[in-house]
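Hi everyone, thanks for coming. Let me put the structure up on the screen, and then I'll walk you through it piece by piece.

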Amino acid sequence: MNRIHAAAVAALSTVTLTIAPAISLAPPTTGTPALTGPLAAATPSAAAASARGADADLGRAPGDSPHAPLSPAVAGPLASGRGDRGDVGRGVSPLVVPGDLVSREVSFSGGGGLMLQGSVVRSREAADAQPGMVLVHGAGSGPREKVLEEAIAFARQGITVLVYDKRSVGYSLFRRSYGDLADDALGGVGALRRQPDVDPAKVGIWGFSEGGWVAPVAAAKSPDVAFLILVGANGLAPLRQQTWAVAAALRKSGVSGPLVDVSVPKLYRVIADGGMFPEPYFDPAPVAARVKQPVLGVWGVHDLLTPPRESPPRLAEALEQGGNRSYTFRFFPDADHAAHLSPDGGVTRLPDLAPGYADLVGSWVADVTSGRVPTASVSGPAPVQPDDTVPVPPPAWWESAGMQLAALSLFLVAFGGYPVAALTRRLRRLSRRGTATASTTPAAMAPRAPTAPPAPAAFAAPAACLRPARVVSAGGLVTIAGAFVFLAYQIMIGGKLAAPGPVVADRPLVWLALQALTAATAVATALTATRLARSWRSIGVGERFRLGLLVAGGVVFVPWALSWGLLLP
């Protein structure tokens with residue numbers, strides 16, 4: 001990925017109002033430093049698929065965290081309160097679980113020697129030497145409670161589960177390393193293998209959403225990982241997945257055209273090029289090809305954040321290319337990105353897991369850790385994905401983050417400088433009038449030595465030239481600011497349900513108004529240039545420069561607006 005100078009990144013970040021990708025790239029707050037054959041039946045064409053519902057997940061914790069209000073079965077036993085936790089640097093109470101389970105606190109070393117804290121959860125009646133599983137949750141802040149529902153469900157299936165607080169060191173909106181996160185997970189595997197009631201040969205990793213990129217990296221690194229479970233996992237690069245999620249949410253809201261096909265992908269490409277989208281082009285296929293452990297893949301048919309029709313075949317193809325046919329893929333009806341139940345097509349996440357999900361995990365883990373490794377299989381209803389993803393390659397040099405910053409700087413000087421110059425000139429005139437008034441006093445009217453005549457004033461531009469120039473200045477500034485604010489808002493809320501506002505002719509009314517203003521700015525630029533050429537000899541040098549700079553900004557603005565879809569039908 002190309003990167004620009006740090007100053008350019010900071011400036012572009014300001015312009016784009018700290019836009020971020022991702023699948024749910026909310027900043028974290030925790031951590032203490034130290035289709036192949038079997039898939040044919042499960043992958044219908046896009047035309048045959050249908051979508052329901054919509055909502056935002058980018059999540060303002062959104063889609064990437066399976067956390068929802070706990071179900072009554074869990075919430076009841078947890079209502080008794082919490083004691084003190086002895087975790088280093090946390091100062092919070094321990095993880096409290098229902099009465100049929102027990103929890104104990106552990107600390108372990110993650111990537112780069114970072115100390116992490118977690119909880120080991122198991123059934124109170126469980127036998128010794130049972131399988132273990134480390135839970136790796138999705139993007140954003142990562143307190144262990146985010147996957148408490150899953151930890152409880154899996155522990156009741158006879159699995160000792162480790163949940164831990166995600167790192168905050170080296171993890172932010174703009175920076176993260178899947179390698180470091182994988183090392184954190186492997187640190188958890190090591191800690192779980194050392195537990196007296198866990199069989200060290202039967203410890204695996206469960207990865208959800210972003211964890212679906214991280215967990216395979218860990219499994220490919222270490223033979224200590226006995227099995228791999230992926231939930232809502234992606235077979236696509238993060239930038240491509242996130243672009244699809246936001247565009248698909250807009251389409252479900254009735255929006256089509258250049259906003260969806262051009263503007264949203266372009267903004268993500270510029271963000272990634274500016275270093276504000278971490279791991280944008282991470283390719284999960286080569287990593288999956290190195291995974292030799294048995295794999296269980298789980299998807300809700302109404303996954304609105306991961307392309308559920310495209311991702312499983314890509315992962316299966318990569319596994320088989322690496323010689324691994326020990327995978328089981330399962331699609332759950334009425335379930336969302338996290339395989340939780342959803343009453344409205346993936347928009348609302350209920351606290352309950354999809355029926356049969358926890359049972360499948362329990363039986364599958366028991367089989368693979370007992371030597372009964374299943375052969376490639378896919379089952380469940382067809383996933384719903386009406387729109388295909390599209391490639392989101394790095395931008396060409398002329399549309400890179402650096403060039404965008406240069407264009408925005410020109411627009412600020414050209415469009416913003418025009419009214420500033422006019423205001424400065426008006427203030428000077430007012431100052432001269434004040435001087436003229438002062439010269440009428442008796443002292444000022446006394447005889448004085450003759451002075452040289454004043455220099456002739458520069459001629460101002462005619463009104464016919466100034467009227468369209470004002471449209472260029474105001475229209476350009478409003479269009480650029482409005483477009484970035486609107487796109488930033490859609491990206492920050494988009495992921496499940498877009499909020500484009502009223503839609504007219506398949507376009508949000510706000511975007512339609514911006515397109516009309518863009519067209520008016522382009523026309524006004526042509527009129528200003530024509531009238532400036534006609535009056536060139538009759539105006540002063542200062543006015544020539546001011547209007548010439550404005551026209552130059554307008555000339556650059558036209559192809560810029562075309563590239564962003566603002567002048568496309």
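The chain has 14 helices and 11 strands; helices (H or I, at least four residues) and strands (E, at least two) are DSSP runs, numbered from the N terminus. Please keep in mind that this is a predicted model, where local features need pLDDT of at least 70 and side-chain atom pairs count only at pLDDT 80 or more, while totals for chains, interfaces and linings use all residues. Residues are numbered from 1 along each chain as its sequence is written, and side-chain values use heavy atoms, with hydrogens and water left out.

Of the 569 residues, 54% count as buried. Buried means under 20% relative accessible area, exposed over 50%, and partly exposed in between (1.4 Å probe, protein chains only). The accessible surface of the chain is about 22600 Å², and carbon and sulfur atoms own 62% of that; these areas come from the Shrake-Rupley method with a 1.4 Å probe, and for residues only the protein chains shown count as cover.

Let's look at helix α9, residues 311-321. Its buried residues are S311, P312, P313, L315, A316, A318 and L319. What do the buried residues of α9 pack against? They pack against α8 (284-289), β7 (295-300) and β8 (327-332), where contact means heavy atoms within 4.5 Å. Just after this helix, G323 takes a positive phi of about 85°.

Most residues other than glycine have a negative phi, so here are two to look at. A129, in the loop between β2 (115-123) and β3 (130-136), has a positive phi near 55°. A339, in the loop between β8 and α10 (357-368), has a phi near 65°, also positive. Is A339 buried or exposed? It is buried, because its relative accessible area is 0%, whereas A129 is partly exposed at 42%.

Now the helix pair towards the end of the numbering. Helix α13 (residues 509-534) and helix α14 (residues 541-563) pack at an angle of about 145°, with their axes 9 Å apart. Axes are lines fitted to C-alpha atoms, for helices over the stretch in contact, and angles run from 0 to 180 degrees between N-to-C directions. Residues making the contact include T518, T521 and A522 of α13, and L547, G548 and V551 of α14.

On to the charges. The structure holds 20 salt bridges, each a side-chain nitrogen of Lys or Arg within 4 Å of a carboxyl oxygen of Asp or Glu. One of them joins R144 and E105 at 2.7 Å, N to O. R144 sits in the loop between β3 and α3 (148-155) and E105 in strand β1 (residues 101-109), so the pair ties together parts 39 residues apart in sequence. R144 is buried, with a relative accessible area of 0%, while E105 is partly exposed at 28%.

D388 and R309 also meet in a salt bridge, at 2.6 Å, N to O. That pair links distant parts of the chain, 79 residues apart: D388 in the loop between β9 and α11, R309 in the loop between β7 and α9. Here R309 counts as buried at 10% relative accessibility, and D388 as partly exposed at 42%. R104, R122 and D197 are linked in a network of salt bridges.

Last stop: W397, in the loop between β9 (377-379) and α11 (401-438). W397 counts as exposed, because its relative accessibility is 64%.
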